[in-house]
Each structure stands twice: as structure tokens, then as C-alpha cells.
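Colleague: I would like to learn how to read the features of a model such as this one, step by step. Could you take me through the general idea each time and then the case at hand?

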Amino acid sequence: MTLPADLKYTKSHEWVRVEADGSLTVGITHHAQDLLGDMVFVENPSPGRTVSAGEECAVVESVKAASDVYAPVAGEITAANAEVEGSPEKINQDPYGAWMFKMKPVNAAEVAGLLDAAGYEALVAAEAH
Amino acid sequence: MLKQTPLHAVHRELGAKMVDFGGWDMPVNYGSQIEEHHAVRRACGIFDVSHMLPVDVKGEGMRVFLKRLVANNVDKLKTPGKALYSCMLNEQGGVIDDLIIYFMDEQWFRIVVNAGTAEKDLAWMQRCNAEWGANLGLTPRRDLAMIAIQGPQAAAVLHGAMPGSEQMTEGLKPFNAVNVGEMFVARTGYTGEDGYEVMVPAKSAPFFWKALLEAGAKPAGLGARDTLRLEAGMNLYGQDMDETVSPLESGLAWTVDLKSERDFVGRKALEASEITRQLVGLVLLDKGVLRAHQKVHTKHGAGEITSGTFSPTLQQSIALARIPLGIAPGEEVEVEVRDKKLQAKVVKYPFVRNGKALI
């Protein structure tokens, strides 16, 4: 699967889309869902919660294992996707469509420091060795 | 270097995701673990279980040896082909391994042991063989491959894949085996469904596997094998019991024969021990997934989950847990899941048998 070029990525396998209003939409990558396998449980952060960069703020669980999802940058959670909580398998079916939460970053410049598609692809390739 | 079964190349061809399982490079799934799980409950799935080790025991006085070696009583094996599930204990009453003993005839018993414990088990058996002067032949059969064919359509699949096998399995009752030529067929399994575990020479395994797929079976990996066995309430060695715990605190009292006068290894320790814990089933009432090693709080003290997962059949999380005695089915307990305490209900397991929910 080719990585969407318009997204930013984290070393902990989240993808981040910068919306027109500067808010961020966050999900987990195809690679992350592929490693975890069939998703059966999603726990999202509550809107209004403030998080620091790299803070554990959501959990995805597959049949196999539980995995933390981290805030890509510091900010405030503005929305959580109830649809993926009700149907966690959507993350397997459409990882870049099945977003988990939205947030407003404290410092928009911090987003620029995240990986681009090429950088993330290199990271995944390096992990495979 | 990971060990490979005779079907390793076949798994790769099928695009399996491989994992290190006790030193073996094994398929965890071929795509979706949940679909493989449902295939076994509803139709038929096949598993490569060639990492498990058959050990053939031959010679005079085998029964005397086995009556001392294992906690269940091989005198229950009266008719040829009959199988017995048992624990092999150490002197402290801890579980060295759980295994299946097939009584083929008075000159031949076949013991199938777990993959991760195979070398340890074999060394233990050889030591007992020497120390007790039993003088038996103990032959590990790494030249065999083992395929588990499981599900309500297992018989049709086996017969479709191997014309002539109908006669072989006709009248074969659960927990019995038959050997014809180079093929050993046991009506056993680890899924809670009808099915067979078939041993064939390693070189025949890829052909046999492909014939089973052509006859309608779906390949299933160790991931589905684990969720199926847990729904079926079957213990997993290394998780639900090991050398440090008693079978009597692991839900395995039914496999320990204390009625006969036999002096089996571990018996004295078991009889001297005080039983304070029990293995129970848990069903999670809140949302989330129970996992091994999560702490369980009961009104009589703390315990621990030994195996936990999401049950694809029940669509909720289930677990086996070792908790203090005196907590009965129907009572609620609390499980620590990350920073939360979730409610779970104690139930009698198995959770699922023959495709049907039992809880």
C-alpha cells in the first residue's frame, strides 16, 4: 500500500492530517494495523483533554495485543470518532479513512517536525531489518 | 535460526504472517485471524502443528513406566487406539508438560508433547527411563508432520482430500486414533470442534496440505488456534500452568488420578499440598480486552488472568484466571486493565463447544 503523500507521520505509527483550519486528524497507519491484526477494541481520548507530545492518549486492541496510540504533538483533543469505537475493524479495512481523534495543536510549527511519507517509509523499511 | 516445519514453504506461498513461536517460524495467520476462527467453528480449518513432537515408546513394561511417569492413569487405556490426556509432573507436583498418550498396542504407545517443551520432556523421559531401569525405546518422531483438521466439516474434508480414508475413520470415536501404513489419524484437537489430528511422513505433508485445501479447508494460524482453544476452555502450557503450579490449581484435577495406588512422580507433593486457588472462566462485562497477567480482585483476595482474549464467537472478551477458592460462578470480580478497574463475571468454562455458546 502506498503511503498518502499529503499526511504527516510519527515514529510511533500514527498518521496526521493537517486540516484547512489548522486542526489535526489522527489515526494509525496501514503498517500499524497490519502488525496488530484484526482490531476488536478502540478507546479514544475524551474531547477537552489536553495532551503533551508523545503522551499515551488512546488504545487500540487487536485479537492479538493491545497497543497505545500517542498524541503526535501537544494540544487539546477536540473530537473522538465513535464510529471506530463501535466498529474497530474499520481501522483494518481503511486505515487512512478510519480516523481516531481530532486535536488542536498548541504550536502549529511542531507539526512540521513530524515525518513526511518518505521519512516514514524509510522508518518502516528500517524496522523490517 | 528458527526451526521450520515441513510445511514452511507452503505457508510462505500462502502469504502467511510468520512469528517466532517457541523457536519455530510458524504462521500466526494467513490474513484475518477472526475469519480463520469462524471458518473452524462453521466449516473447516487446517493447522500445521508439526512443531509438536510425537515420541514413540516401545518395549516391555511400558504401562509400568507410564503409570509412574504421568499423573493420569494409563490403565484407563484398554482398547487399542484410545487416547489419554495427562500432565507429566516434577517431584514438587509442578507441571513439566501436558501431553496426549495414544495406546496403539501393548508394544507401542505414542506420546505427543508440546513444541516449546519437547527437548526438556524428552530429556526427562530418558532420565526416568534410565533411573528406573525401564529400558524402553523412546523415539522422537521429527520425521513426521502433523496437521490438525478441525470443524464441523472436518470429516468431509479429510475424506475428500484422501480417497479411501472413509474406511479408516469409520467408527473412529472422539479421543481415539487409528494407524494405517504411514498415516496416523486421531480424532482429537484443540478447538472444541469435531476434527482430526493427522500425522504423515514429512515429505508427504505439502501434498496432503494442498489436497485438504482443495477439499474445502481454510488454512488457519496459531492466532486462531489460541482463540479457539480458549473459547473451548483448554489450557495452554506455559500460560495457564507450568512447573511452578499444581495441576490441582490449574483446572486439571480431572486429569490427576489419585484413586489408584500408583506412586507417580509428584503424587506425594500433591497430596501434601494445600489447595488455595482455582482456575475459573471470566467474561468481561465492561468494554475492553482481558489479557494474561492482568490482576484480578475478588472478595477473598487477588488473583491473575492466565489467558485472555477477545472471543470472536461470543463477541466479548473472555479469560481464564487463577483466583482464590470460594468464588463461585455468577459472582463478579474486578480486573485491572491499564489504569481502570473493569467488571467481569466468573463463569464455568468451556465458553464455546461445537459452534455453540455455553455461557
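**Strands, pocket and cavity**

Modeller: Strand 4 of chain A and strand 6 (residues 56-62) of chain A pair in the antiparallel sense over 4 bridges, where two strands count as paired if DSSP finds at least two bridges between them. Helices (H or I, at least four residues) and strands (E, at least two) are DSSP runs, numbered from the N terminus. This is a predicted model, in which local features need pLDDT of at least 70 and side-chain atom pairs count only at pLDDT 80 or more, while totals for chains, interfaces and linings use all residues. Residues are numbered from 1 along each chain as its sequence is written, chains are lettered from A and ligands numbered from 1 in the order in which they are written, and side-chain values use heavy atoms, with hydrogens and water left out.

Colleague: Which residue stands opposite Val59(A) in strand 6 of chain A, and in what order do the strands of the open sheet in chain A lie?

Modeller: Strands of a sheet pair through backbone hydrogen bonds, either parallel or antiparallel. Here Glu43(A) is the residue opposite Val59(A), and the open sheet of 3 strands has the order 4-6-7 in chain A, with antiparallel pairing. Strand 4 and strand 7 (66-70) of chain A are at the edges with a single partner strand each, so one side of each has no neighbour in the sheet.

Colleague: How should I read the second largest pocket, and what is its volume?

Modeller: On a 1 Å grid over the protein atoms alone, a pocket is an open set of points with protein on both sides within 12 Å along at least five of seven lines, a cavity is a set where a 1.4 Å probe fits but cannot get out, and lining residues have an atom within 4 Å of a point. Grid points are joined across faces, edges and corners, and a volume is the space filled by probe spheres set on the points. The second largest pocket has about 340 Å³, and of its 18 lining residues the closest to the centre are Val40(A), Phe41(A), Pro88(A), Phe310(B) and Gln315(B). Strand 4 of chain A gives the most to this lining, with 3 residues.

Colleague: Which residues line the largest cavity?

Modeller: Its volume is about 30 Å³, and the lining consists of Leu36(A), Gly37(A), Asp38(A), Lys64(A), Asn29(B), Gly31(B) and Gln33(B).

Colleague: Where does Thr79(B) lie?

Modeller: Thr79(B) is in the loop between helix 3 (62-69) and strand 5 (83-89) of chain B.
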